[in-house]
Amino acid sequence: MKVSGSYTLPLPPERAYQMMQDPEVLTRAIPGCQGLEKMGEGEYHLKMKMVLASLSGAFEGSVRITDQNPPSSFRLVVAGSGRIGFVEGDGLLKLSAADGGTEVSYEGDAQVGGTIAAVGQRLIDGTAKMMIKKFFEKLAEAAG
Amino acid sequence: MIAQKFEYTAPRTLDEALHLLAAGAKPLAGGMSLIPMMKLRLAAPEHLVDLGKLKDLNYVHEADGALRIGATATHTDLESSPILRAKCPLLAETAAAIGDVQVRNMGTIGGSVAHADPAADYPAALQALEAKLVLKGSKSERIVTAADFFVDAFTTSLQPSEIICEVIVPMETAGTGTSYQKMPQPASGFAIVGVAARVRRSAGKIALVRIAVTGLSNRAYRAAAAEQTLEGKVGSAAETQNAAALVSQGVDANSDLHASAEFRRHLAVVHAARALTVALARTA
């Protein structure tokens, strides 16, 4: 599944970039995040609980930040699994100054497998979009 | 598959149900969404409160110039309700378009809107009707508009401690025509795209037009630009097409194995044109 879009944060690019690498900010911004532990340089262990209407599931996995090019781009590599399925993804985030804020555009590819993929195909695209939107909204909130 | 072990309570009164919800239980209505999720173990609630035994919540009647629908009314109840068919045919037509007979016999309007599936049929009709929902908590009661109720995919403004008690829809006046047109996913019956149109003609001109789209994106929405172009017009075929062409503009369309985002946008335009054409014909 391709994932792409953009979101404008009310922050200068340097600050936006810094916030997106800050485990404390990310813990608050990632929907359902229950813990983000630093394992090494740019490498984190993530625990999250997703609650979506009647669907709920715990996920655990790793987040890696590579190809760091502050303040204009970085690559995010995510791998996680839980009882209801697994997800592996890889995306490039680009930051550019726009109207006193920062436009973050992202483009990536994600593979979803397990029960959720077998029976909930039509739920995946919408859910992914909603979680990305929530993440940026929380990030903008943390900035304010 | 078999669901995980869970507690089950079937209260007879709303107060009892609200009390159980406050203690962390999960409400069960018709079970047409929650039970399959539990059987697949995508959901594992520890305690279910069955709202199906709350017979006081199953009704369709007129009060204070509007139609009031109890939340546990099934889709079959709605499609076969004489007063709904006469006074608010859009909702009866939408109920008849849901899933299959088995789903319509079990599924309820309250359960469906609480679940807020982005491909559900009611959200389009309820927004075109500018419906309101009555939400009750153990110490609170509030009324929210359908537009404010549906927040995102599977996300509503309903709090975990609240129960949807009633849906309020307007009674249509003379000169109003409505229609719901959908492209169902053949296996599930869910709307790949569904469009509800509601038009009122006065002295040959369109005095009111409401167009709402479901299935296209995460949240059903009113197509404001399309509505504006039609207002005050006579509703010719060309005007209808022009308006329909605007319904999917600027919408972040979803994509899945059943339909790409581009195809969904196209379907929205086609079904908007159909819904408007039928609704306009019914204004006579």
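A residue is termed buried if 20 or more other C-beta atoms lie within 10 Å of its own, exposed if 12 or fewer do, and partly exposed in between, with C-beta atoms placed from the backbone. The figures show a predicted model, in which local features need pLDDT of at least 70 and side-chain atom pairs count only at pLDDT 80 or more, while totals for chains, interfaces and linings use all residues. Residues are numbered from 1 along each chain as its sequence is written, and chains are lettered from A and ligands numbered from 1 in the order in which they are written.

Figure 1. Strand E7 (residues 141-145) of chain B has five residues, of which the number buried is zero, so the strand lies largely in the open. Strands, here and below, are DSSP runs (E) of at least two residues, and helices are DSSP runs (H or I) of at least four, both numbered from the N terminus. Strand E6 (residues 132-136) of chain B pairs with E7(B) in the antiparallel sense over five bridges; two strands count as paired if DSSP finds at least two bridges between them. Across the pair, Leu135(B) faces Arg142(B) of E7(B).

Figure 2. Strand E4 (residues 60-63) and strand E5 (residues 66-70) of chain B run antiparallel and are joined by four bridges. His61(B) has Arg68(B) in E5(B) as its bridge partner. The hairpin of E4(B) and E5(B) has two residues between the strands, and Asp64(B) takes a positive phi near 50° there. E5(B) is also joined by five bridges to strand E10 (residues 163-170) of chain B, again in an antiparallel arrangement.

**Figure 3. A parallel sheet of three strands in chain B.** The strands form an open sheet in the order E1-E3-E2 (chain B), with parallel pairing. Strand E1 (7-9) and strand E2 (26-28) of chain B stand at the edges with a single partner strand each, so one side of each has no neighbour in the sheet. Neighbouring strands of this sheet are turned by 30° against each other on average, direction ignored; the axes are lines fitted to C-alpha atoms, and angles in general run from 0 to 180 degrees between N-to-C directions. Three bridges connect E1(B) with strand E3 (residues 47-50) of chain B. Thr9(B) stands opposite Val49(B) in E3(B).

Figure 4. A nonpolar core is a set of buried Ala, Val, Leu, Ile, Met, Phe, Trp, Tyr and Cys residues joined through C-beta atoms within 7 Å. The largest has 93 residues, and Val195(B) and Ala272(B) have the most contacts inside it. H12(B) supplies the largest share of this core, nine residues. Apart from it lies another core, of 17 residues, including Leu11(A), Tyr17(A), Ala29(A) and Phe74(A). Helix H5 (residues 89-96) of chain B is mostly covered, with six of its eight residues buried; Leu90(B) and Glu93(B) are among them.

**Figure 5. Surroundings of Ser248 of chain B.** Ser248(B) lies in the loop between helix H11 (237-244) and helix H12 (261-281) of chain B. With 24 C-beta neighbours inside 10 Å, Ser248(B) counts as buried. Leaving aside neighbours within four places in sequence, Ser248(B) is in contact (C-beta atoms, placed from the backbone, within 7 Å) with Leu216(B), Ala253(B), Arg265(B), Ala268(B) and Val269(B). Ala226(B) is 22 residues from Ser248(B) in sequence, and their C-alpha atoms are 9.2 Å apart.

**Figure 6. The side of chain A that touches chain B.** Contacts between the chains involve 17 residues of chain A and 20 residues of chain B. On the chain A side, the elements that give two or more residues are strand E4 (55-69), helix H3 (115-119) and helix H4 (121-143). H4(A) gives the most, with seven residues. By class, this side of chain A has seven nonpolar, seven polar and three charged residues. Ala, Val, Leu, Ile, Met, Phe, Trp, Tyr, Cys and Pro count as nonpolar, Asp, Glu, Lys and Arg as charged, and the others, Gly among them, as polar.

Terms used: Contact = placed C-beta atoms within 7 Å.
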